[in-house]
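Here is a protein model to explore by question and answer. Look first, then read on.

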Amino acid sequence: MAALCRNVGICASHLNTSSRSSAKQHYKILVLGGGTGGISMSARMKRMLGAENVAVMEPNEMHYYQPLWTLAGAGAKTIASSGRPTSSVMPSGVKLIRSKVQEINPDTNTVRSDDGTQISYEYLIVALGLQLHFEKIKGLPEGFEHPKIGSNYSVETVDKTWTALQNFKEGNAVFSFPNTPIKCAGAPQKIMYLTDAFLRKTGKREKANIIYNTSLPVLFGVKKYADSLWKIVKQRDLKVNLRQNLIEVRADKQEAVFENLDKPGETTVFKYEMLHVTPPMGPNCVIKNSPLADNSGWLDVDKGSLQHKRYPNVFGIGDCTNLPTSKTAAAVAAQSAVLNRTIKKILKNEKPDKTYDGYTSCPLVTSYNTVVLAEFDYDGQPLETFPIDQGKERRLMYHMKADLMPQLYWHGLLKGLWGGPEPYRKLMHLGMK
Ligand code: FAD
Ligand code: UQ1
């Protein structure tokens with residue numbers, strides 16, 4: 001539970017200042033965060049400027065391919081197979097600074113780490129991801145010490161989902177979606193479809209009520225895919241309750257309390273045999289506490305170029321930004337190609353010319369062998385790679401999600417070689433309107 005507690009998002013920029021050291025370092029390109037966006041941009045920056053000019057600040061020993069956690073929570077993959085040592089995904093020769101960013105000072109082009117070291121930069125790429133807030137739900141995170149509750153959103157709790165699913169006997173299987181922006185907005189319901197499939201496979205489905213309580217007023221934000229998903233939930237007898245927000249877990253009694261967002265103060269208690277929690281999420285507090293934040297705490301970047309709106313030598317990518325699109329690794333892939341181009345232009349004193357269209361994708365896993373592959377842009381318009389109807393459940397797309405995507409991630413995206421499917425989409429739609 002230690003890592004889960006570390007991740008509860010205490011925004012305290014005054015912590016750990018006692019061990020301040022006077023060591024100084026300078027890099028032409030400093031990348032904050034060694035997750036999906038940070039590693040892929042460091043690989044691209046190495047190619048552009050040479051390894052000696054690039055450094056990445058990341059305290060975690062392990063780098064995880066988070067999209068696999070949906071499958072791990074349902075026993076279709078292992079959590080171990082989703083992780084590799086951070087050192088092994090670093091582009092060779094690029095400096096890994098194994099410490100936590102404590103403070104960003106864009107007016108002096110410096111950042112301070114939790115051991116007090118000051119690091120200066122010429123250009124800064126911010127890829128700090130977002131923060132999970134289990135603690136905003138009464139009874140969590142300590143409730144995870146009880147059985148029958150899990151969450152695919154933290155490496156600490158994915159196996160708890162799988163344990164709860166395997167031990168299911170009879171009763172309610174309840175799934176939540178919080179009242180905040182989240183990463184991979186499809187994941188809270190993917191685990192519901194997998195639960196349904198698992199209980200059918202093991203002959204327990206008739207003893208289960210499967211209930212999806214979402215804060216949103218819709219099942220999915222893009223109509224084309226929402227229409228497909230409504231058909232699926234009806235076919236499979238899955239109960240969807242809109243505008244229901246999880247506010248408390250009484251794990252000792254196996255009770256989850258939801259608030260009706262349309263009738264504040266009205267709550268419903270659900271007894272559960274299994275509970276999957278998607279926690280509230282919010283901006284990284286290091287960004288929130290810095291001049292780089294917008295009014296809500298997200299990194300304030302231009303939605304086309306990914307350059308910071310007020311600090312022209314600062315750039316952002318991924319979940320930490322205020323880009324008005326769904327936060328996914330697929331979006332990071334498309335953003336990495338645009339950001340590479342933006343930085344190339346800025347280094348030549350030219351204007352950024354490539355524009356991010358908001359491309360994002362969510363492989364909606366609907367069983368152990370089917371996926372609806374949602375792909376869309378800033379306007380919520382489908383932007384599909386394949387010249388077939390991606391609103392349909394397909395086996396091929398499941399194999400893409402489970403077998404091809406991890407390879408594309410480790411060997412393409414993290415190496416700075418995969419910038420999203422745009423070129424292939426254009427090729428595959430040649431000759432079509
Ligand atoms: P991250 O990869 O989260 O990286 C942020 C990094 O910053 C972390 O390594 C963190 O340790 C580091 N960091 C944080 N604070 C500090 C600090 N103070 N100092 C230094 N470093 C710090 N995406 C898809 O495309 N398809 C999917 O099917 C999909 N499914 C998902 C399912 C689940 C259950 C989850 C959890 C995510 C899923 N995603 C999916 C989303 C995807 O994993 C993220 O959108 C993506 O990893 C975002 O990349 P990032 O670089 O912005 O953030
Ligand atoms: C993608 O590019 C990507 O990043 C590697 C993902 O993250 C895991 C995805 O889930 C998807 C769907 C894409 C888009 C790629 C194709 C081939 C449609």
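The questions below cover ligands, spaces and backbone.

This is a predicted model: local features need pLDDT of at least 70, side-chain atom pairs count only at pLDDT 80 or more, and totals for chains, interfaces and linings use all residues. Residues are numbered from 1 along each chain as its sequence is written, chains are lettered from A and ligands numbered from 1 in the order written, and side-chain values use heavy atoms, without hydrogens and water.

Q: How many residues surround ligand 1?
A: A residue counts as near if one of its heavy atoms lies within 4 Å of the molecule. The closest include Thr36, Gly37, Glu58, Val101 and Ala330. The number of residues around ligand 1 is 33.

Q: Which residue has a polar side-chain atom 2.5 Å from an oxygen atom of ligand 1?
A: A polar contact is a pair of N or O atoms within 3.5 Å. Leucine 128 has a backbone N or O atom 3.5 Å from a ligand 1 oxygen. Asparagine 284 places a side-chain N or O atom 3.1 Å from a ligand 1 nitrogen. At 2.5 Å from an oxygen atom of ligand 1 is a polar side-chain atom of glutamate 58.

Q: How much of the accessible area of ligand 1 does the protein cover?
A: Accessible areas come from the Shrake-Rupley method with a 1.4 Å probe. On its own, ligand 1 has 1000 Å² of accessible area. The protein covers 91%.

Q: Which helix gives the most to the shell around ligand 1?
A: Helices are DSSP runs (H or I, at least four residues) and strands are too (E, at least two), numbered from the N terminus. Helix 2 (36-49), helix 6 (187-201) and helix 9 each give two or more residues to this shell. With three residues, the most comes from helix 9.

Q: Which residue has a side-chain N or O atom 2.7 Å from an oxygen atom of ligand 2?
A: Ligand 2 is surrounded by 13 residues, and Tyr65, Tyr359, Ser361 and Met405 are among the closest. The protein covers 95% of the 430 Å² of accessible area that ligand 2 has on its own. The 2.7 Å distance is to tryptophan 418.

Q: How many nonpolar residues are in the shell around ligand 2?
A: Ala, Val, Leu, Ile, Met, Phe, Trp, Tyr, Cys and Pro count as nonpolar, Asp, Glu, Lys and Arg as charged, and the others, Gly among them, as polar. This shell has two polar residues and one charged. Its nonpolar residues number 10.

Q: What is the volume of the largest cavity?
A: On a 1 Å grid over the protein atoms alone, a cavity is a set of points where a 1.4 Å probe fits but cannot get out. A volume is the space filled by probe spheres set on the points. The structure holds one cavity of 30 Å³ or more. The largest has a volume of about 50 Å³.

Q: Which peptide bond is cis, with omega near 5 degrees?
A: Most peptide bonds are trans. Proline 141 sits in the loop between strand 9 (130-132) and strand 10 (149-150). The cis bond runs from leucine 140 to proline 141.

Technical notes: On a 1 Å grid over the protein atoms alone, a cavity is a set of points where a 1.4 Å probe fits but cannot get out, and a pocket is an open set with protein on both sides within 12 Å along at least five of seven lines; lining residues have an atom within 4 Å of a point. A polar contact is a pair of N or O atoms within 3.5 Å; within protein, one must be able to donate a hydrogen and the other to accept it, and residues adjacent in sequence count only if both atoms are side-chain atoms.
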